[in-house]
Structure formats: structure tokens, C-alpha cells
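This briefing covers strand pairing, helix packing and salt bridges. The sequence and structure come before the details.

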Amino acid sequence: MTSAFDRSKKRILIALSNPGPHDNSKKGGLDIPIYDLVQKINSLNDFVTTSSCSGRTAVFTETKGLEKQSGQWIYVTHDRPNFQELMTSIRNQTLSDNTGAFFKFEPFILHVQCRGLTEARSLTQVALASGFKNSGMVIGKKILVAVRCTLKLEVPIVHQGELIVSEKYLSILVDQANHMFDENLARIQRFEGNLDTLSEVIESHKNEQKPRDGRHPRNKKDEQVERDECDDVDNERLVLNDT
């Protein structure tokens with residue numbers, strides 16, 4: 001009989017192999033910069049990716065109406081941003097008096113479902129060592145690890161339909177986003193390389209759990225009760241590293 005994790009992983013891998021309507025992202029598939037990373041994680045027996053973004057630079061507009069607020073992406077790239085393409089996207093927009101816009105850089109983020117707490121703890125350790133200092137475990141009906149960092153930029157550039165910054169300032173923002181893009185990519189590559197040590201980290205954590213000083217290990221029934229208690233949690237609890 002297959003476990004709940006194995007059934008979940010099978011469904012996810014089928015969806016990844018046939019994106020289309022299964023993929024909720026705007027692109028409709030994996031981002032190229034993290035394609036190999038996602039494949040590497042999904043090849044491991046005890047892990048499967050549930051969502052991901054390699055990082056992006058974007059301009060997002062917000063329009064406040066009488067009843068609700070709406071918005072749209074007028075510029076998005078998962079590569080190094082280009083100043084001329086950015087300016088063209090802004091100039092081609094007709095912005096109303098109640099519209100604002102933000103220039104954003106959003107870093108890599110990855111959610112990974114893990115078979116158990118030991119695997120989640122080990123993956124979190126590898127992520128933290130790779131520079132993703134805001135990574136942590138989400139413990140609920142499923143055990144997830146969120147791999148993320150604090151490389152982020154968000155600046156208002158349009159207010160009440162008017163561009164409130166100069167083109168020079170926008171070029172500075174693009175340069176800053178490019179620096180963040182390079183650092184973001186370096187961390188992704190470091191994380192992918194450090195995954196080669198994951199099996200050693202898992203084994204190390206398992207050894208820590210072995211009985212010492214004559215103490216008896218917990219039996220399988222106790223471990224199952226603990227897992228069932230985790231499964232019954234209604235609201236997921238976020239466990240973050242403080243660094």
C-alpha cells in the first residue's frame with residue numbers, strides 16, 4: 001500500500017509533465033533558470049516540489065475603483081531586466097487618475113513537500129547554508145519546506161496616473177534589480193550544488209535520534225501517534241528560522 005506522500009508525489013509529477021490547465025502560473029510551466037533544480041529535487045525519493053518561481057522583475061499597476069481594487073502586470077521578466085523594454089511597457093500604458101504602479105524585484109521561492117520531519121529539517125538546513133536565510137518548515141496535514149530569502153525590492157513609480165520618478169531613477173532601479181538577479185541566481189546554483197550533501201545531512205539527523213546512554217527508542221506506535229497528531233492540525237503552523 002502506497003503512502004499519502006507517494007500518492008501526492010505521483011499526482012504532482014503527472015501535472016508537471018503535462019502543465020496546461022494543471023499549472024496555475026502565468027507562464028504555464030517551470031522557469032528555465034530552475035528547471036534542472038526542480039528535476040533534481042523531484043528525482044529524490046523523499047521530496048517533491050509543489051510550487052516555484054525563479055525570481056522576477058516586474059511593474060505592477062493598481063487601480064482603485066468604487067467597489068474594488070484591480071491590478072495588472074505591465075512588465076514581467078524572469079531574466080535580467082532591460083531598461084528600454086521597461087520604458088516601452090510604461091509608455092504604452094494609459095493610466096487613469098486613480099492608478100498607481102510599483103517597480104518590483106521578487107526573489108526565488110520554492111515549496112517542497114517532504115516525506116517526514118527529518119527530511120524537512122535536513123532540506124531546511126541545506127537551504128539556510130545556501131543563503132536562503134528566510135527558509136523554514138510548514139507543518140500541517142502535509143510537511144512542507146519553503147525555500148526563500150530576503151532579496152526584495154518594491155518602489156512606487158506611478159501615483160494617481162503620473163510617473164513620479166525620472167528615467168534616470170528608473171535606470172538605477174533596473175541596475176539594482178540586475179545586481180539582485182545575479183545574487184539570486186548565484187544562490188540558486190549554490191543550493192542546487194549543496195543538494196548533493198542532502199543524503200548525508202539526513203543520515204546525520206537520523207543518527208541524532210538514535211538512543212544513547214541506555215535509553216530505549218520510541219516504538220513505531222508512538223511515532224505514528226505523533227504523526228497523526230501533526231496530520232490533525234487544522235491551521236498550518238509556520239516555523240521560521242530567526243536569522
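Two strands are taken as paired if DSSP finds at least two bridges between them. Helices (H or I, at least four residues) and strands (E, at least two) are DSSP runs numbered from the N terminus. The model is predicted: local features need pLDDT of at least 70, side-chain atom pairs count only at pLDDT 80 or more, and totals for chains, interfaces and linings use all residues. Residues are numbered from 1 along each chain as its sequence is written, and side-chain values use heavy atoms, with hydrogens and water left out.

**Strand pairing**

- Strand β5 (residues 109-114) pairs with strand β1 (residues 47-53) in the antiparallel sense, over 6 bridges.
- Within this pairing, Ser51 has His111 of β5 as its bridge partner.
- β5 also runs antiparallel to strand β7 (residues 143-148), and 6 bridges join the two.
- Here Leu110 is bridged to Val147 in β7.

- Two packed helices are described by the angle between their axes and the distance between the axes.
- Axes are lines fitted to C-alpha atoms, for helices over the stretch in contact, and angles run from 0 to 180 degrees between N-to-C directions.
- Helix α2 (residues 35-42) packs on helix α5 (residues 167-194) at about 25°, with the axes 10 Å apart.
- α2 and α5 are therefore roughly parallel; angles under 35 degrees count as roughly parallel, over 145 as roughly antiparallel, 65 to 115 as roughly perpendicular and the rest as oblique.
- The crossing of α2 and α5 is left-handed, meaning that the near helix is turned anticlockwise from the far one by less than a right angle, whereas clockwise is right-handed.
- On the α2 side, Asp36, Leu37, Lys40 and Ile41 meet Ile188, Phe191 and Glu192 of α5, where contact means heavy atoms within 4.5 Å.
- By class, this contact of α2 with α5 has 4 nonpolar, no polar and 3 charged residues.
- Ala, Val, Leu, Ile, Met, Phe, Trp, Tyr, Cys and Pro count as nonpolar, Asp, Glu, Lys and Arg as charged, and the others, Gly among them, as polar.

**Helix α4 against helix α5**

- The axes of helix α4 (residues 117-129) and α5 come within 9 Å and cross at roughly 140°.
- α4 and α5 are therefore oblique to each other, and their crossing is right-handed.
- Leu123, Val126, Ala127 and Ala129 of α4 make the contact with Arg190, Phe191 and Asn194 of α5.
- The contact of α4 with α5 has 5 nonpolar, 1 polar and 1 charged residues.

**Helix α3 against helix α5**

- Helix α3 (residues 83-91) packs against α5 at an angle of about 125°, and the axes are 10 Å apart.
- This makes α3 oblique to α5.
- The crossing of α3 and α5 is right-handed.
- Phe83, Leu86, Met87, Ile90 and Arg91 of α3 meet Glu167, Leu170, Ser171 and Val174 of α5.
- The contact of α3 with α5 divides into 6 nonpolar, 1 polar and 2 charged residues.

**Salt bridges**

- The whole structure contains 8 salt bridges, each a side-chain nitrogen of Lys or Arg within 4 Å of a carboxyl oxygen of Asp or Glu.
- One of them joins the side chains of Arg56 and Glu106, at 2.6 Å from N to O.
- This pair links distant parts of the chain, with Arg56 in strand β2 (residues 56-64) and Glu106 in strand β4 (residues 99-106), 50 residues apart.
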